[in-house]
Amino acid sequence: MADWQMPPGTTGDVRLVRASSTAVRETVGGCPTAKSVALRPFLNSDPPPDRSFTALQEFTLGPLMKALDLVEHRHWPVDRAIAELTRTNGRFGTFGRPAHSALLEWTTQALLRYLEARDAVQSARDDPSDRTEPMPFEWVALTDRATAGPDSRGVIRYERTAWGRRYISHDHRVREIWLPSIRTARADRADTEKAAIADVLARGTACRKPSYGKLYEAVAGYPSRLPERVRIFAFGCGDGTAEPVLDWDQQEIGQRYREYAAPAFARAVSGVGAVPGSDCIGCKALDSCTALPRTPSLWGSQPGDRRPRRSVSAWDLRVYDQCPARYHLTRRLHLGSSQVEHEAATRGRAVDAWLNDQHRQRPSGGCRTIAGPSDPGNWSAGAHHLAGRPAHDGASMLAQHKALCPIDGLAPEERVLVQHQVTGYIPELDVVVIATPDLLYTDSGSWVWRETKTATARLWEGRSLLRSYPQLALAVLLLAAGVPATGPRSPRVEFELLYPGDSTLEQLDPTRADVVDEARRVIAALAGPLLRDDSFHPEPGRDCHDCEARPWCRPGSDYIADNPAPAAVQAAVEIRPEGT
């Protein structure tokens, strides 16, 4: 096992590692140091941060899990649990944060769907001994090295857990866990995660959840028999589907854990090296991290009340500007309904996917050397399929791009990054700024930030380009702050607008004071209200027509009832509650 050292800027005890089964997930752009530090619960930043919490519940499944505890472990009738959910705003007690009213509505629907799915699975089991009942304790796989002493990482105790709804057969022969997801059932999980979850169930000890700063302890007197089989089910809260993930015996679990999960777990615990990105939000080593660029006063905001560290992106700002509730529900809670997307949005996604694939290949001569779709009236890019008029318009846009492709004529030594995440940190606000340009490339060693959008018409000259597209304003500010690092020449922002039959390419200079000042005004006007908001009340309006969270938002639904969309809009955008 590799050695592991406490990162600079942290303090505390590294002898305990506590890892959920999700620790074995290995995502592109993830930060090894942020993960390994997070797995050590007794380690903290130095100096420790002020403890602050969001005003509203941001764990989407939190109220659902509490309601299920009342039904499954305390045997409350479902109606009573729902009444308590509403009465306490999802807190179910004096502690915890209240849930948004739309989350309460969503939780009520998810609770009923979950119980119905559980009953259906139980009823389908012909052998009564094969049925399971709720398990009131956690299973924890414990490895204690107190006698042998710390290992090369300085750890003397490992605690591995698996989040979900736990069940056990009457004779303890079978252990089972259900994994709720916000939308659809996620049965196609990676081999590493399946093996990690199964191993916790296969050899875990029944434990009560410890209080802060304490270790897991075995429940005295609880049967210690290990199961013969382990089952995992995936459940989709949005559509009510329950799908089996695995049904393994002890031998298969041991083999798969050694092959898949154990190496991934070792990499997670021993991880070093910083990669700026979304992991910065919860990282305890951020204050001393030299890989994360500091961008103080990025848009000139003054620090306000102490709040938890958050991230802000251009998309966050646009959604919040449409409606604060929509931002909270879709960007923070990730709620969304099944919907038929407007054909212009689908066309835009297909064009983006096509261009991204071509730019990653970096063809000699750029996109002008690559043929477009073989059938302009029927083609696909990634998961996006176009047919008819949208397909012809999209093919026309791809043809227009050929003349504007920046890779054409680019020297071999220049860098080309597709959908590359750019990150900055505003210390006085404790905000991580995240942007993902469509294309980031160097021209004579200096960075060029390219954003590409599709439209049905030319630019409207009556409105500021930066106000119309806040991602351009954010790009200007980040480049002006030296993120990415400046080169020998001035950086620039390029905006490529594609529409059938024609195209437009605009340039913005981040070294010009008037451009930077306008970008600051745009972002400050959008970010200031977002960062100060604690309630995220709905602001009903025309954006309600295509809001993904509308099925659970009563003010939005009332607005639509009083202001129905024109027939053309209704045909283009159809919002449906999940599961219908």
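**The open sheet and its surroundings**

Guide: In this predicted model, five strands make up an open sheet whose order is E4-E7-E8-E11-E12, with mixed pairing. Its edges are strand E4 (132-134) and strand E12 (242-249), each of which pairs on one side only, and from one strand to the next the twist averages 25°. Within the sheet, strand E7 (residues 165-169) and strand E8 (residues 174-181) run antiparallel to one another and are joined over four bridges; in this pairing Ile168 stands opposite Arg175 in E8.

Helix H2 (residues 62-72) packs on the sheet, where it touches E4 and E7, and its direction makes about 25° with that of E7. Helix H6 (residues 250-270), by contrast, lies across strand E11 (229-236) and E12, and runs at about 95° to E12.

H2 also has a helical partner. Two packed helices are described by the angle between their axes and the distance between the axes. For H2 and helix H3 (residues 78-87) the angle is about 145° and the axes are 9 Å apart, and the crossing of the two is right-handed. The residues that meet are Pro63, Ala67, Leu70 and Val71 on the side of H2, and Val78, Ala81, Glu84 and Leu85 on the side of H3. Sorted by class, this contact comprises seven nonpolar residues, no polar ones and one charged residue.

Turning to the aromatic rings, Tyr114, Tyr167, Trp178, Phe233 and Phe235 form one aromatic cluster. The structure as a whole holds 12 aromatic pairs. One of these is the tilted pair of Tyr327 and Phe536, with 5.7 Å from centre to centre and 40° between the planes. This pair links distant parts of the chain, 209 residues apart, since Tyr327 belongs to helix H8 (residues 324-332) while Phe536 sits in the loop between helix H13 (513-532) and helix H14 (554-562). Both Tyr327 and Phe536 are buried.

A further pair is made by Tyr469 and Phe495, whose ring centres are 4.6 Å apart and whose planes stand at 45°, so the pair is tilted. Here too distant parts of the chain are linked, 26 residues apart: Tyr469 lies in the loop between helix H11 (465-468) and helix H12 (470-480), and Phe495 in strand E22 (residues 492-499). Tyr469 has a relative accessible area of 17% and is therefore buried, and Phe495, with a relative accessible area of 2%, is buried as well.

Notes. Residues numbered from 1 in each chain as written. Predicted model: local features only at pLDDT ≥ 70, side-chain atom pairs only at ≥ 80, totals over all residues. Heavy atoms only, no water. Pairing = 2+ DSSP bridges. Axes fitted to C-alpha atoms, helices over the stretch in contact; angles between N-to-C directions. Contact = heavy atoms within 4.5 Å. Left-handed = near helix turned anticlockwise from the far one by under 90°. Nonpolar A, V, L, I, M, F, W, Y, C, P; charged D, E, K, R; others polar. Phe/Tyr/Trp six-rings, centres within 6.5 Å; stacked < 30°, edge-to-face > 60°. Buried < 20%, exposed > 50% of the residue type's maximum accessible area, 1.4 Å probe, protein only.
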